[in-house]
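I'm opening my notebook on a new structure today. I'll jot down what I look up as I go, with the cut-offs beside each term.

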2 protein chains.
Amino acid sequence: MKVTPWEVSGRIDYEKLIKEFGTSHITQPLLKRMEKLAGESHFMLERKIFFSHRDLDWLLDRYERGEQFALYTGRKPSLGIHIGHLLPWMFSKWIQDKFDADLYFQMVDDEGFLAKEDMELPESTRVGYENALDVIALGFDPDKTSIIIDTENIKPLYKIALQVAKRTTFSTAKAVFGFDNSTNVGLPFYTSIQAAPCFLPSYLKKMNVPVLIPAGIDQDPYWRITRDIAPKLGYYKPAAIHNTFLPGLEGPEGKMSSSKPETTIFTTDSAEQVKKKIQRAFSGGGATMKEHKEKGGNPDIDAACQYLYYMFEPDNDKIKEIFDGYRSGAISTGEVKDMLTKKIVAFLTEHQKKREQARKHIDKFLLKD
Amino acid sequence: MKVTPWEVSGRIDYEKLIKEFGTSHITQPLLKRMEKLAGESHFMLERKIFFSHRDLDWLLDRYERGEQFALYTGRKPSLGIHIGHLLPWMFSKWIQDKFDADLYFQMVDDEGFLAKEDMELPESTRVGYENALDVIALGFDPDKTSIIIDTENIKPLYKIALQVAKRTTFSTAKAVFGFDNSTNVGLPFYTSIQAAPCFLPSYLKKMNVPVLIPAGIDQDPYWRITRDIAPKLGYYKPAAIHNTFLPGLEGPEGKMSSSKPETTIFTTDSAEQVKKKIQRAFSGGGATMKEHKEKGGNPDIDAACQYLYYMFEPDNDKIKEIFDGYRSGAISTGEVKDMLTKKIVAFLTEHQKKREQARKHIDKFLLKD
C-alpha cells in the first residue's frame, strides 16, 4: 500500500496507517460523546468511515466549555469532482449543522498552477470557482461558510503563511513532502499557504479558535508541520478527523480517482453514464447467477455494496438487510447495482440542479477578507 | 573583494564586477545620449558613480519611440536609513523628473521578517512605513510614485510571483542566492516576490511597460533570474543601471553600512552627531599639517572628499577645485571636513523637516492595487 498526499494505491491497512502516522482511533466512548453533543448519530461515524483523529477529544472539551470551533477543508481545483470528493464535505456539512461550526473551504488555485506543468493560473482560478459550485450545492449555510480562493484572499493568508514559512526549513519540507532541488520555489512555500487556514479563524476573529479538519488520512502530513508550529505562534494545534477512502468502481484497492474516469462517477455525469459505469463495476458476487444463489457473494469487496455503505444508504437497518441478503445470495449483484444506480442518479439529479443554482449566489459564500 | 546582495567588503574592483556579472559599461556615447534625452547632465552619470547597466540602450530606444518606462527600486525595512541609501533614490528622482517615469518603490517587509531571526512581522511592516518617509522626503511626485508595502499589496504581487516561482527551481535559487537546506521555505519564494515589481507596471496597465532598476551593483543577482524568465512570461526584461558604493566614513573599502553606526551618517542624525562622525572620518591627507601643505593629500581615498564627490558637491568646477586644492595641499583635511559637515547638516535639516511632513501625506504615495 502507498498513502501520501499525492498517491493512494494498494489495499489500505488503516490500522497500520494509524500506527505509522501516529494518529488515534475514534474509540467507542469518543464516538458516543460526539453523538451526544451532536444530538444524533451519523452513519459515517458508526461505520468507522471516519475512523481516525488527532485531538478530537480535546476539541470536544473546548466545545463543551463553550468554545465554538471552525471547520477547515479544501481542494486543489481541477475539473472532475467525483462522489469520493463529496464524502468528507457531506460529513463537514453535518458537523456544521450539528455543532454550529463555521466552515473555511480553501480552493488552492495557486497550488493547482504551481504543481501542474501545463496549467495556467487564470484557468486554475476559473476551475476553482467552478469547483466551488459543488461545495455550495451540498447545502452549506452561507452565513457560516467562507470559500477561500487563494489568489483572491491572499492578503490575510500571506501574513499567516509567512509566520509558518519562517519556521519551516527546506529540509523539513523535503522530508515531509518529498521535494528535491528540482522542485520550483513556489511549492515549498505553498505548504505554508495550505497551513494558513488552520489559523485564519483565529486571525480574523482576533481570538484563539479551535479548528477541525475533516479529510482523507492521506492529507495528514500537511498538518504535522502545522501542528508543530502552532504553539510557537500562540495558536491552537488544528484537530483532525480522518476518513477511509471510497474505493474506485474497479475494486477494493486504492481510491476513486479522477485520473481513472471510466471507474469514477463525476458530479456532472448523466444518468446514462452513471448506469453504464455501475454496470461495469467490480462485483463481489458469484461467477454465475446459480453460484451466487447457492454460495452468496461478498459485500465487503463488492463495489456497489460498498458505495451504498459509504454514502448512499445511511439507514443502518437497510444496509444490514442488503449485506445479509447479498452474502446469502438472496440479493443478486444486478439488484444491488440497480439499487445504487437509482440512489446515485436521484442524488446527482438534485445535486446538478443545486449546482447550477449555486452560480447565482456564489458571492454569498466567498470569503470577504 | 566580496560583492553579493548581502555583503560588500574589501576594495571594490568595478571593472572586474562588470566582467564577472556580465553587465555593460555606460560608454561615453550612451552617457551623451541619456543627457540629450534628459535635457541636462547629471553629475552621478558624468562622474561614473552610475557606471554599469543592462539594456539601458534598449530602454532609450523604446523611450525614443514613445514608450514610457517605469522605475523600480526598493528597500528591506530597517531603522537606520543612511545617506548611502539615498544615493540611488536621488538619482531615481532625477530620472522621474526628466523622463516622466512612474516609480514603483518596493518596501519588502516580508523579507525583513523572513530573513531576521528576532524580527516580528508587524514591526517589519511598521518600519517599512517609517522608511517610506525618507523616500517621500526626497520630493518624488505623488502622482507618479507608488510605494509597495509587500504584505499590503500582496494580491497583485502574488499572482506575478507565482509565475516567476513556477519557473525557478530550488537549485537555481541555491546557486544564485546561496540558500541551503536549512534556509526557511519563505526566502526562496520571496525572491519571486522581489521580481514581481519588474512586471507590475505591465500587469497593472495591461500593456508591456519597460522597467529600469537603479540600484547598487550588488543587487544584480536578483535580476538575473528575472531577466531569464521575463520572455517566457511575455514581458520585457527589466533594464538596470548600477551605482558604485558610497564608502563608509572609515575609509575607501566596502560601503557605508547601518551595521557600523559610528562611521555611518543616518538621515535622523543631529548636526552634532554628523559633525562628530565626520571629524573622525578617514583622511587622505598628510600625517601633519606641515606635511599636508608640502606634499598634499589624496582626495580619492579621503572620506570627506569622496562624499562631496558622490553626493554633496554636484558642481563639477567646484569639485575639481576642491580635489586640486586637496591634492596640492592648499586645502586641508579639516577644511574639507567642515565643508562636508555644512553641506550634510544643511541637507539633513531640510530632509528631516520634509520627512516629518511626509507623515501627513504618505497615503498619496501608497500603491492602490
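**Entry 1: a helix in chain B**

I began with the buried residues of α12(B), which are B:D220, B:P221, B:Y222, B:W223, B:I225, B:T226, B:R227 and B:I229. For my own reference, buried means under 20% relative accessible area, exposed over 50%, and partly exposed in between, with a 1.4 Å probe and protein chains only. Helices are DSSP runs of H or I with at least four residues, strands are runs of E with at least two, and both are numbered from the N terminus. Helix α12 covers residues 220-229 of chain B, and eight of its 10 residues are buried, so the rest of the structure largely encloses it.

**Entry 2: ground rules and confidence**

I noted that this is a predicted model, in which local features need pLDDT of at least 70 and side-chain atom pairs count only at pLDDT 80 or more, while totals for chains, interfaces and linings use all residues. Residues are numbered from 1 along each chain as its sequence is written, chains are lettered from A and ligands numbered from 1 in the order in which they are written, and side-chain values use heavy atoms, with hydrogens and water left out.

I then checked pLDDT, the predictor's confidence in each residue on a scale from 0 to 100. Chain A has a mean pLDDT of 95, and 100% of its residues reach 70 or more. For the complex, the predictor gives an ipTM of 0.93 and a pTM of 0.94.

**Entry 3: where the chains meet**

How many residues of chain B are in contact with chain A? I found 35 residues of chain B in contact with 35 residues of chain A, where contact means heavy atoms within 4.5 Å. The area buried between the two chains is about 3,100 Å², with carbon and sulfur atoms giving 63% of that. Buried area here is the accessible area (1.4 Å probe) that two parts lose on being put together, summed over both. B:Y158, B:K166 and B:V185 supply 24% of what chain B buries against chain A, more than any other three residues.

Next came the polar side of the interface. Between chain B and chain A I have 24 residue pairs in polar contact, both residues at pLDDT 80 or more. A polar contact is a pair of N or O atoms within 3.5 Å; within protein, one must be able to donate a hydrogen and the other to accept it, and residues adjacent in sequence count only if both atoms are side-chain atoms. On the chain B side, α6 (109-114), α8 (154-166), α9 (170-177) and α10 (186-195) are the elements that give two or more residues. The largest share, eight residues, comes from α8(B).

The chains also share four salt bridges, each a side-chain nitrogen of Lys or Arg within 4 Å of a carboxyl oxygen of Asp or Glu. In one of them, the side chains of A:K155 and B:E152 meet at 3.1 Å, N to O.

**Entry 4: salt bridges within the chains**

Over all chains, I have 62 salt bridges. A:E64 pairs with A:R33, their closest N and O atoms being 2.8 Å apart. A:E64 lies in helix α4 (residues 56-64) and A:R33 in helix α2 (residues 28-38) of chain A, so this pair ties together parts that are 31 residues apart in sequence. A:R33 is partly exposed at 22% relative accessible area.

The closest N and O atoms of A:K277 and A:D269 are 2.7 Å apart.

In chain B, the side chains of B:D97 and B:K93 form a salt bridge at 2.5 Å, N to O. The two sit four residues apart in helix α5 (residues 83-99), separated by about one helical turn. B:D97 is partly exposed at 43%.

B:H42 lies in the loop between α2 (28-38) and α3 (43-46) of chain B, and is buried at 10%. A polar atom of the B:H42 side chain is 3.0 Å from the backbone nitrogen of B:M44. Not counting residues up to four places away in sequence, B:H42 touches B:E35, B:F91 and B:W94.

A:G112 is in helix α6 (residues 109-114) of chain A, and is buried at 5%. A:G112 and A:S257 are 145 residues apart in sequence and 16 Å apart in space, C-alpha to C-alpha. A:S257 itself counts as buried at 19%.
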